[in-house]
Amino acid sequence: MDLIESYREDLRFARRPIARVLLALLVAGLVALPWFAPDHLVFLATLVALYSIGVMGQNLLIGYTGQISFAQAAFLAIGAFTFGHLRIWGLPFPLALAGAGALAALVGVLVGFPSLRLKGPYLAIATLGFGVAVYQVFVNFEALSGGRTGLAIAKLKPMFGLSAAHTQYYVYLLLVTAFTLVTYNLVSSYVGRAFVAIRDADLAAEVNGVNLTRYKLLAFAVSSFYTGVHGALYAQVLGHIDPQIFNLLESLTLFVAVVVGGIASIEGSILGALFVIAVPKLLADYRELVPIIYGLGILLVLMFEPLGLYGGWLKTRLYFRNWPFR
Amino acid sequence: MTSFFQYVFTGLSAGSLYMLVALGIVLIYRSTRVLNFAHGDIATVATFVAFSALSHKYSFLAAFGASLAVGAAVGVAFYLSVLARAQREGANLLGMVILTLGLALIIQGVVIWYWGADPVSLPFPISDTRTYTVGGVVISQLSLASLGAGILGSLLLYLLVQKTRLGLAMRATSENLMAAQTLGIPTRLVLSVSWGAASALGVVAGIFLAPALLLDPFFMLDPFLKGFAAAVLGGLNSLPGAVVGALVLGVAESLTGGYLAIHFKNTLAFGIIIVVLLVRPEGLLGKEFKERV
């Protein structure tokens, strides 16, 4: 069966041949998507790609490190507006993106400091307060947010003879692949295990030599970096940002994606991103039902399938692997 | 000096409504160790029920009663059907946060679906344009009524918790659940009373806030966060703390708005949360929070 005999084997990305075939098919399908899919589907795939980055970041913080945070929208806004200003000053896309992520990470460390003293509910409140405060600062400071008209962001230049939308799709696909690989490596390294140890028993982790200060701040920095990049990429897609976009509901959307996709799972983060993009699209005529679906989604996940969509996939896979036995 | 008293009075009247919200949050946190993120949304849906009743020409008192009943019923139903079950199965903190957020999202969706997202105004018998002037301080009927509602609400809660047998059971249950069960206190019932009372307090705040703000599906979000801030300021475990915290927050906010900058009036609350949590996490009047990481 599926016996792991060495650490090297445990780290392998796709262990069984069939998994490799499926993964190759998935990648080929994603690369070929613009050739057979209509443009609006390519656009949706672009959105899923950029949301996956943010959800992965939040999953590192909430799922792996166990720090409940509701400041997601604040980091999205910081990333988006940094990116917007840097682009307007004439920086190229990759530099502006890195700058957005870096500033978000820096602020993330500042927000992380309370987490050294606060636990559980208190941290949730502190980050919720920070999220709302940042939102109000952006709304009230016109120099930062570009006032009522917001910031306009130049579109990516088409490359390699592709259309602008397809160029954007490929750039985002590349980025999300890179982030996924980095995250995989992160969670299976010492750092990832330190995060999980902090979540499961922080005192025991400290006794075993995990530097709590360093790794909690690192978790905040990494997750804010991801979320800042998400904000920047979102700004690029929208082409125009104003602070009203980054409200509490946006924080909750990322939170729902983490929970529904699967807490502490990378595949789950991508599934969660797919969920929060697909639900509003499928219910385009019944927008008011979207929060109900989100709410029911997290309630049902918590009560019946704590690992979320990814847990569901694991069970399905196990069922077929063991078929016809149960 | 007159303007100073004016700001203090405005702050007290706003603070008394934050107080009702904060008392509800503290009551629920003390008894079930849950931060109820759906507190504001329960009040929202109940206020919309009052709106519907008033537009069907029911009297104001009937509408008020109906919305109190709906708010309390939602709180009790959520506790009994979802939360009690999850707690019996040993849900962790993240799980309970997820549950109340789920309820909040569902209620938001229901309100938008049934009443629409456009702001409406609640016909209210007490106007905020009729005013009295006392020594230069302008006092509107509405602010006087909110102050009265805040005082009455917290007084009733005080009598319930401190002077009745049920209140004794509530205190025992929040002190030590296991011991209370052993002594034969029907804890499930007592805790659902806590949820019902807390939700009803939130609804009162919602009804009195509605004429000043317009009624839309998110109108309770801001007061809810302020109530949260007040509860943290006073100490999440302490009912008197919630009263003190809310009044201090209301006055501080009003003075900031008057003397410093109106833009930062709303941000102040969240600054206070962060500072209090860093300096004195147990709040002004709270005890018990000894655990440091």
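In chain B, strands E1(B) and E2(B) make a hairpin with two residues between them, and Gly135(B) in the turn has a positive phi of about 55°. This description, like the rest of the passage, concerns a predicted model. The two strands, E1 (residues 131-134) and E2 (residues 137-140) of chain B, run antiparallel and are joined by four bridges. Within this pairing, Thr133(B) has Val138(B) in E2(B) as its bridge partner.

Two packed helices are described by the angle between their axes and the distance between the axes. For helix H1 (residues 2-32) and helix H9 (residues 221-234) of chain B, the axes come within 8 Å and cross at roughly 70°. H1(B) is therefore roughly perpendicular to H9(B). The crossing of these two helices is right-handed. On the side of H1(B), the residues that meet H9(B) are Leu17(B), Tyr18(B), Met19(B), Val21(B), Ala22(B), Ile25(B) and Val26(B). Their counterparts in H9(B) are Pro223(B), Phe224(B), Lys226(B), Gly227(B), Phe228(B), Ala230(B), Ala231(B) and Gly234(B). By class, the contact of H1(B) with H9(B) comprises twelve nonpolar residues, two polar residues and one charged residue.

The contact between the chains involves 36 residues of chain B and 35 residues of chain A. On the side of chain B that touches chain A, helix H4 (93-115), H9 and helix H11 (265-279) of chain B each contribute at least two residues. H4(B) gives the most to this side, with 16 residues. The side of chain B that touches chain A consists of 26 nonpolar, eight polar and two charged residues.

As to confidence, the model has an ipTM of 0.81 and a pTM of 0.85. Chain A has a mean pLDDT of 82, with 94% of its residues at 70 or more. Among the elements of chain A, the lowest mean pLDDT, 67, belongs to helix H1 (residues 7-11) of chain A, and the highest, 89, to helix H11 (residues 212-238) of chain A. Chain B averages a pLDDT of 83, and 95% of the residues score at least 70. Where pLDDT is low, the predicted coordinates should not be read in detail.

Notes
Residues numbered from 1 in each chain as written. Chains lettered and ligands numbered in written order. Predicted model: local features only at pLDDT ≥ 70, side-chain atom pairs only at ≥ 80, totals over all residues. Pairing = 2+ DSSP bridges. Axes fitted to C-alpha atoms, helices over the stretch in contact; angles between N-to-C directions. Parallel < 35°, antiparallel > 145°, perpendicular 65-115°, else oblique. Left-handed = near helix turned anticlockwise from the far one by under 90°. Contact = placed C-beta atoms within 7 Å. Nonpolar A, V, L, I, M, F, W, Y, C, P; charged D, E, K, R; others polar. pLDDT = per-residue confidence, 0-100.
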